[in-house]
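I opened this structure to look up charge pairs, ring pairs and surface patches. My entries follow in the order in which I worked.

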Amino acid sequence: MSISKALTIAGSDSGGGAGIQADLKTFQELNVYGMSAITAITAQNTLGVHGVFPLTAEAVVQQIEAIGSDLGADAIKTGMLFNSEIIEAVSEQIKIFNWSKVIVDPVMIAKGGASLLQDEAVEAVKNHLLPLALIVTPNIPEAEVLTGMKIHTLDDRRAAAEILHSLGVKNVVIKGGHVENENQLVDLLYDGTEFSYFSSERIETKNTHGTGCTFAAAITAEMAKGNTVYHSVETAVSFIQEAIKEDLEIGQGHGPTNHWAYQQKKRQSLHVE
Ligand SMILES: Nc1ncnc2c1ncn2[C@@H]1O[C@H](COP(=O)(O)OP(=O)(O)O)[C@@H](O)[C@H]1O
Ligand SMILES: Cc1ncc(COP(=O)(O)O)c(N)n1
């Protein structure tokens with residue numbers, strides 16, 4: 001049996017809803033063997049981020065080397081990378097191991113407002129990491145920072161996607177969760193030639209901690225299994241919709257999504273047929 005393997009290079013979320021915890025749960029639910037290289041430890045719960053403790057670039061490199069020199073990986077996801085030293089070191093390792101299925105989730109600000117990427121590191125994301133990315137998955141605020149433009153309309157999102165593509169990313173997904181007062185959320189995919197739109201009903205819930213991490217991890221798992229970019233995004237949209245719909249009412253603040261909801265629904269539908 002061939003085992004699909006995915007590596008997440010991201011921060012640890014002690015609350016389990018985002019970061020490498022969300023990524024590994026998502027990989028597992030999609031039958032992909034998950035591995036992790038931790039970039040920073042965050043003391044986090046549903047009320048916010050209470051502490052950020054970045055690791056050294058060397059500590060990140062050694063974790064990646066340990067995986068690349070033995071287990072290998074079919075797809076790589078980068079999440080919180082925090083500073084330019086880590087970003088440059090990770091970019092170097094991606095080149096050394098010649099990894100091509102690289103999904104960059106350009107994590108900048110946690111939903112509670114805590115900074116997960118130093119301002120000085122944005123240029124490093126653009127100059128070092130994006131040229132190596134097969135897919136980049138910014139939310140709207142992240143796309144605004146990376147492109148320097150304001151994004152209010154779908155036309156703006158298309159323009160921003162073209163700018164990000166010009167920075168070397170082969171496929172751009174601009175996520176739609178941050179659009180205010182719209183019942184339909186649209187995730188836009190641009191492959192350098194055409195735009196695709198994945199529309200979802202907005203689910204009224206406060207429990208959206210880790211939606212972006214989970215979404216990008218689902219794309220990574222599907223890419224690790226050899227699926228196309230379009231199919232991987234399509235599956236990730238379904239995965240995150242179920243994860244939000246069956247959200248977990250735990251903690252006193254913004255709770256996590258439900259990482260087992262997607263498979264649970266598939267098993268239930270099999271029993272019905
Ligand atoms: N309230 C919601 N209802 C339905 N889908 C949502 C909701 N919030 C986010 N999503 C979906 O979750 C995914 C992550 O988007 P977003 O929340 O914008 O990312 P991030 O967590 O990086 O800010 C996207 O597919 C988006 O459409
Ligand atoms: C360690 C870590 N990484 C990423 C996020 C972003 O989470 P979200 O997906 O809600 O934007 C987070 N809150 N913590």
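Before starting, I wrote down the cut-offs for exposure: a residue is buried under 20% relative accessible area, exposed over 50%, and partly exposed in between. I also noted that this is a predicted model.

Entry 1, aromatic pairs. I took two rings as a pair if their centres lie within 6.5 Å. The count by this rule is four aromatic pairs. I looked up the rings of phenylalanine 198 and tyrosine 230, whose centres are 5.1 Å apart with planes at 45°, so I logged the pair as tilted. This pair links distant parts of the chain, since phenylalanine 198 sits in strand 9 (residues 195-201) and tyrosine 230 in helix 8, 32 residues apart. Phenylalanine 198 is buried because its relative accessibility is 6%. Tyrosine 230 is partly exposed at 40%.

I then turned to phenylalanine 239 and tyrosine 262, another tilted pair, with 5.2 Å from centre to centre and 45° between the planes. Phenylalanine 239 belongs to helix 8 and tyrosine 262 to helix 9 (residues 261-272), so this pair ties together parts 23 residues apart in sequence. Phenylalanine 239 has 1% relative accessibility and counts as buried. Tyrosine 262 is buried too, with a relative accessible area of 14%.

I found 10 salt bridges in the structure. One of them joins glutamate 242 to lysine 245, at 3.4 Å from N to O. Both residues lie in helix 8 (residues 229-245), three residues apart, or about one turn of the helix.

I looked up arginine 158 and aspartate 155 next, and their side chains meet in a salt bridge of 2.6 Å, N to O. Both are in helix 6 (residues 154-166), three residues apart. Arginine 158 is partly exposed, at 22%.

Glutamate 222 and lysine 225 form a further salt bridge, with their closest N and O atoms 2.9 Å apart. Glutamate 222 is buried at 4%, whereas lysine 225 is partly exposed at 35%.

I logged a nonpolar surface patch of about 490 Å², made by Met1, Ile3, Tyr33 and Leu71. Isoleucine 3 is in the segment before strand 1 (5-13), and its relative accessible area of 45% makes it partly exposed.

Notes: Residues are numbered from 1 along each chain as its sequence is written. Chains are lettered from A and ligands numbered from 1 in the order in which they are written. This is a predicted model: local features need pLDDT of at least 70, side-chain atom pairs count only at pLDDT 80 or more; totals for chains, interfaces and linings use all residues. Side-chain values use heavy atoms; hydrogens and water are left out. A salt bridge is a side-chain nitrogen of Lys or Arg within 4 Å of a carboxyl oxygen of Asp or Glu. Helices (H or I, at least four residues) and strands (E, at least two) are DSSP runs, numbered from the N terminus. Buried means under 20% relative accessible area, exposed over 50%, partly exposed in between (1.4 Å probe, protein chains only). Patches are made of residues with over 30% relative accessible area and no salt bridge: like charges are joined within 9 Å, nonpolar side chains (Val, Leu, Ile, Met, Phe, Trp, Tyr) within 5 Å. Accessible areas come from the Shrake-Rupley method with a 1.4 Å probe; for residues, only the protein chains shown count as cover. Rings of Phe, Tyr and Trp (its six-membered ring) pair if their centres lie within 6.5 Å; planes under 30 degrees apart count as stacked, over 60 as edge-to-face and the rest as tilted.
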